[in-house]
Amino acid sequence: MSAFTDPPKESFRLGMLIYDTRYRSMTIQIVALIAFLAGAAWLVNNAANNLAALGKPLQFSFLWEPSGYDINQRLIEYNSQSPHIRAAFVGLINTLIIAVMGCTTATILGVVIGVLRLSKNWLVSKLMTVYIETFRNVPVLLWIVFTMAIFIETMPAPREFRSGAATMKLFDSVAFTNRGFYIPEPLFSNSLGNIDVFGIFKISNDLLAVIAVLVVSFLLQRAVKRRADKIQEATGIRPVTWWQRVGLMFIPIVVLLYVLGFHLGYPELKGFNFKGGIHLRNSLISLWIALSLYTAAFIAEAVRAGIMAVSKGQSEAAFALGLTASQTMNLVILPQALRVIIPPLISQYLNLTKNSSLAIAVGYMDITGTLAGITLNQTGREMETLILLMLVYLTISLSISSVMNWYNNAVKLKER
Amino acid sequence: MKKSAFFGALTVAGFAAAMASAGTLDDVKAKGFLQCGVSTGLVGFAAPDSNGNWAGFDVSLCRAVAAAVLGDPQAVKFTPTTGKTRFTALASGEVDMLARNTTWTFSRDVDLKFTFDGINYYDGQGFMVPKSLGVSSAKELDGATVCIQTGTTTELNLADFFRANKMKYEPVPIETNAEARQQFLAGACDVYTTDRSGLAATRATFENPDNYVVLPEVISKEPLGPLTRQGDDQWSDIVRWTLNALISAEELGITSANIDELAKGTNNPEINRILGTEGNLGGMLGLDKKWAYNAIKAGGNYGEIFEKYIGEKTAIGLSRGLNAQWKDGGLIYSPPFR
């Protein structure tokens, strides 16, 4: 006879789904899931039915029809005969440009301002407080429109350059007008041509060559440094390598530029506008400035929070070791503060990218302006374009956060 | 409608695929007012005055429809729409009709699923430049920076015009007329292009209108008219025949001054049919017998509205041109009331 008895084997009854705590939570979850799915299905079905009733069933073939409109800022080839999908790509590239430019500037400004707000200098810290509070408490759309208005009203129009009321700056190489900035462009007289990538867009071989040479020089230069480090560790004497490193960094690129026949193309006033050079449009610049300044205010607060989260003992210890104030900040405080700063920084990057969809307020043709603006309007495909647009922003945002999360994992406190 | 309103709130775009089935008339009657989509402010066509009351050529059509349907020209709520938002506003049921310098085109009529209910202004796209630029023809605009209202037919015409003439230009897309005005006056664009009526209206608001010229070229046909959702024929008929009533009224000499006199009965059977003293045209539309009487009484006939808001005596100063009655050599023509 066995010493223990089996627990009474109950057969499963339906009522147990509710009265038995082992199953109840599962039941609730399944019911909630079914309700959610049913709700979602009903919404999708309703949309499909209503679109069908309107005679506009969901279809994406319009994307391959000629767009018919022109876009001013385009980094890939595009004209009014290109399909809508290409217009969307032009817009997507413009969105990415503003996102990258904005995030970079906002980070630099934000870190500087955040640190300065903690300054012991009363005036500096109060000025930064005023900056942060004004920028983050006014809607970003107003900042964008405001920057653009100032830009248009205060800068001279190109025709004032003809009458002599305005002149070009920096040895006649740069023109600041209310249509944007015209700066010199790099040109190559012995150009290597372009690579056609699947016939979709072209990449300049010159640019690729320059990048390749720069990367190789940098790696070689690092190798020299590592060798010097090794010798120093082994012998205690550091060989003099600065001239090797400078040479490796600059000679190859100078030679390459000479071979390619590098020269600058200067902007020149011809007809209505400046021709030649690179045109940084007023819309791009004002959007960039406004988004950077606005987001910088939030980043500054994140930076301040991060710095304040590092315990006071750390800076006291650093001072005790004889580190200067800036060394303490750069070597001790900031590396530790980064762990606190990065998570809110990710969401600020996402915010900036999403806020860039306000671009149409100043006529910057980002993807909201092309795909969900003109294309939507000319084709009347609201549902399709907006679904695509949401997917695009979702993809951009998820990419940003995965990169940033990877970085966060790299710098966060390693616990073993 | 409730179903689609709920759905609209849930979609990010706020775009509800409203049912296009019949019922706008019943909706309007139940609401007690007409929701009319107009432009965001184009003096002469649709702009709020100093008291906040909307007035203008397009606004008058909304008021006429409200008078025809509800008997009260004031029973209108106006939704300002941009070139970009107007079609979504109409398709989603946010507005009952659009009276907003909208060009009748094939794709809008067929593909966007709207019904154009006639033409109240025959227009064409033109260019405005500062006189100081010294340009006398649009063919000299190679390389110019051009301000355009985004989401309009003008955007497409412009691309076609410059392509056909092998010229380059820099488009500056803007959303509203006010932004265009700011950029144009500051010299951020050399040229402003839109329908010539719009150019005239915008120029009239400048401090020194004489410093700006509208170039002679007309690069497109822009028949502007009211539109409604496709599939609600009764409602479309009401808007179409209200416009026709205003046009016929001018042709037949019915004015806001003599309408009460004429409504007592005349020898002209067509006037009698329009004003409801003979036959029952209103009943066929599902409206009151006095529908056209109310519509004309609201702001006068087509000619009176034209002269009052955009005619030669106003700051906008448009001549009738193509928009004269057919018997005066224009294109304005109404089918008979019979």
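**Figure 1. Lining of the largest pocket.** Strand β9(A) gives the largest share of this lining, 4 residues. The model is predicted: local features need pLDDT of at least 70, side-chain atom pairs count only at pLDDT 80 or more, and totals for chains, interfaces and linings use all residues. Residues are numbered from 1 along each chain as its sequence is written, chains are lettered from A in the order in which they are written, and side-chain values use heavy atoms, with hydrogens and water left out. The largest pocket has a volume of about 1700 Å³. Of its 44 lining residues, the closest to the centre are A:Asn72, A:Arg74, A:Glu185, A:Gly277 and A:Arg281. A pocket is an open set of points on a 1 Å grid over the protein atoms alone, with protein on both sides within 12 Å along at least five of seven lines; lining residues have an atom within 4 Å of a point. A volume is the space filled by probe spheres set on the points, which are joined across faces, edges and corners. Helices (H or I, at least four residues) and strands (E, at least two) are DSSP runs, numbered from the N terminus. The lining divides into 20 nonpolar, 12 polar and 12 charged residues. Ala, Val, Leu, Ile, Met, Phe, Trp, Tyr, Cys and Pro count as nonpolar, Asp, Glu, Lys and Arg as charged, and the others, Gly among them, as polar.

**Figure 2. The second largest pocket.** About 930 Å³ of space lies in this pocket. Of the 40 residues that line it, the closest to its centre are A:Ile360, A:Thr368, A:Ala372, B:Lys84 and B:Thr85. By class, the lining has 22 nonpolar, 12 polar and 6 charged residues.

**Figure 3. The largest cavity.** A cavity is a set of grid points where a 1.4 Å probe fits but cannot get out. There are 3 cavities of 30 Å³ or more, and the largest has a volume of about 250 Å³. Its lining has 22 residues, and B:Leu42, B:Arg100, B:Asn101, B:Gln149 and B:Thr194 are the closest to its centre. By class, this lining has 2 nonpolar, 16 polar and 4 charged residues.

Figure 4. A:Ser217 counts as buried because its relative accessibility is 2%; buried means under 20% relative accessible area (1.4 Å probe, protein chains only). Leaving aside neighbours within four places in sequence, A:Ser217 is in contact (heavy atoms within 4.5 Å) with A:Leu248, A:Met249 and A:Pro252.

How values were computed
Buried means under 20% relative accessible area, exposed over 50%, partly exposed in between (1.4 Å probe, protein chains only).
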